[in-house]
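Work through the exercises below with the sequence and the structure open. Try each task before you read its solution.

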Amino acid sequence: MTAPVAERQREGLHAPTARSWRTLLQPAIILAAGLAWMVYIETSSLDSIESRVLAPGYVATKTWEHVQLTLVSTLLVLAIAVPLGVALSRRWARRAAPVVLAFANIGQSAPAIGVVVLLAVLWGVGFWTAIVALVAYGVLPALRNTMVGLRQVDPSLTDAARGIGMPPVTVLRRVELPLAAPVILAGIRTTLVLMVGTASIASFINGGGLGDLVTTGVTTQRTPVLLTGCVLIALLALLIDWLGGVAARLLAPKGL
Amino acid sequence: MNFWEYLHSRRELLLFETWQHASMVLQCVLAALILGVALGVAVYRSPRWSALAAGSAGVLFTIPSLALLGLLITPLGLGVAPSVVALTLYALLPIVRNTIVGLAGVDRTLVDAARGIGMSRAATLARVEFPLAWPVILTGVRVAAQLALGIGAIAAYVSGPGLGEQIFSGLGRLGGANSVNMTLAGTLGIVLLALLFDGCFLLVGRLTTPRGIRD
């Protein structure tokens, strides 16, 4: 009785293509909501400031900038956090790990806006400062997830792998990383969503993105502009979260 | 002016803003604790309602704070109101989730035993389930407080109170005198508050966890 249920659950977890219409329903709703909002905004009566900022081309540029900020910073975060997390979970680095984790915990309590503004004050404003700030802010949770994921791998499994003669690199590649993958991938998903939110702060330091619509809306007191920015950021966050979920499902090793 | 001189010359303002920040976060987290626990208790017995509550909390969680604060300007205007509402909403999410998880994680046999010796449903909840779930709920409150401290800084953008003002004044004076000092003071102040809050929660956890499940 339980076996088929477990089998079905596993299938549901690893074969999103089998029920693709349901997997695609959520992004379809999100995209439809975004399009409906844009159509509603473009057809409502706008004054000159609003129509300039809400021109479809301009909104599309800002959305694309936001996506760029999110993706570039997430990729950089992964390129730094995953190797660092792997290195810190090696036997020879065991003593450094608690120190780094404690530092990561303290660093994470620094507010995102503080990190972003501090870097801008020190380095000047622009896209790349925003990227550096986003990476600085996002590395810590991703690093912690990698370390936690690798730590919760059953030591008897790594012992067994070493016992059958696997060299340490192979143990890492064939046993530890696949087993830690769900936690690491969940961390990547969290990082992506975190980056969408933090990227909206980038507009304070001329980093571009949809935050520009929010700040323009507030400073010029144009509610439609403000609302468009907020709605699109929220929808983008939901879409990226869905994307992260799909990636986590596709990349997770089968059998877990 | 170096950083120490800055801190010294503005100590009254900085202390006031730190106090405002801490008090805003504390009040919002307390409000969220009451609302969140009430919501969690209301839904935890039904798997479907639990899933709905946790799911909608998750969706709300993905909405960036700047967007939520911006959306709240329209109905609530600028100032304290949108900041408090946004902070309470964000603080609500970890608390609701952890209340549901904590209450669902209580061993069913203990609940059955309590019912078996004649305790009413309310008494079972108050004297058995809630104390056992409390450490998990408190963890949620701790996460909520850390989150609210960080989002509280962005609240200064909608003219909310607190240390965020230092950060935004630093941004407004970009390149000018004291801009680094202001930003640094705001950021480090919030980090210090976060450490302070964490310490308090550790203490509260020690004092309020039932003796039998203390580790």
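**Exercise 1.** Are H9(A) and H11(A) roughly parallel or roughly antiparallel to each other?

*Solution.* The model is a predicted one, in which local features need pLDDT of at least 70, side-chain atom pairs count only at pLDDT 80 or more, and totals for chains, interfaces and linings use all residues. Residues are numbered from 1 along each chain as its sequence is written, while chains are lettered from A and ligands numbered from 1 in the order in which they are written.

Step 1. In chain A, H9 covers 168-199 and H11 covers 223-251.

Step 2. Take the angle. Axes are lines fitted to C-alpha atoms, for helices over the stretch in contact, and angles run from 0 to 180 degrees between N-to-C directions. For H9(A) and H11(A) the angle is about 165 degrees, and the axes are 9 Å apart.

Step 3. Apply the cut-offs: under 35 degrees is roughly parallel, over 145 roughly antiparallel, 65 to 115 roughly perpendicular, and the rest oblique. H9(A) and H11(A) are therefore roughly antiparallel.

**Exercise 2.** Which residues of H9(A) meet H11(A), and how do the residues of this contact divide by class?

*Solution.* Step 1. Two residues are in contact if their C-beta atoms, placed from the backbone, lie within 7 Å. On the H9(A) side the residues are A:Ala181, A:Leu185, A:Ala186, A:Ile188, A:Arg189, A:Leu192, A:Val193, A:Val196 and A:Gly197. Their partners in H11(A) include A:Leu236, A:Ile240, A:Asp241 and A:Leu251.

Step 1. Sort them. Ala, Val, Leu, Ile, Met, Phe, Trp, Tyr, Cys and Pro count as nonpolar, Asp, Glu, Lys and Arg as charged, and the others, Gly among them, as polar. The contact of H9(A) with H11(A) has 13 nonpolar, three polar and two charged residues.

**Exercise 3.** How many residues of chain A are in contact with chain B, and which helix supplies the largest share?

*Solution.* Step 1. Chain A brings 33 residues into contact with 31 residues of chain B.

Step 1. Helices H6 (112-123), H9, H10 (211-219) and H11 of chain A each supply at least two residues of the side that touches chain B. The largest share, ten residues, comes from H11(A).

Step 2. By class, this side of chain A has 24 nonpolar residues, eight polar and one charged.

**Exercise 4.** How many helices and strands are there in chain A and in chain B?

*Solution.* Step 1. Chain A has eleven helices and zero strands. Chain B has nine helices and zero strands.

Step 1. Of the 256 residues of chain A, 37% are buried; of the 215 residues of chain B, 46% are.

**Exercise 5.** Where does A:Gln221 lie, and why does A:Gln221 count as exposed?

*Solution.* Step 1. A:Gln221 sits in the loop between H10 and H11 of chain A.

Step 1. A:Gln221 counts as exposed because there are 10 C-beta neighbours inside 10 Å.

Step 2. Check the backbone. Most residues other than glycine have a negative phi. A:Gln221 is not a glycine, yet has a positive phi of about 55 degrees.

How values were computed: Helix = DSSP H or I, 4+ residues; strand = E, 2+ residues; numbered from the N terminus. Buried ≥ 20, exposed ≤ 12 C-beta atoms within 10 Å, placed from the backbone.
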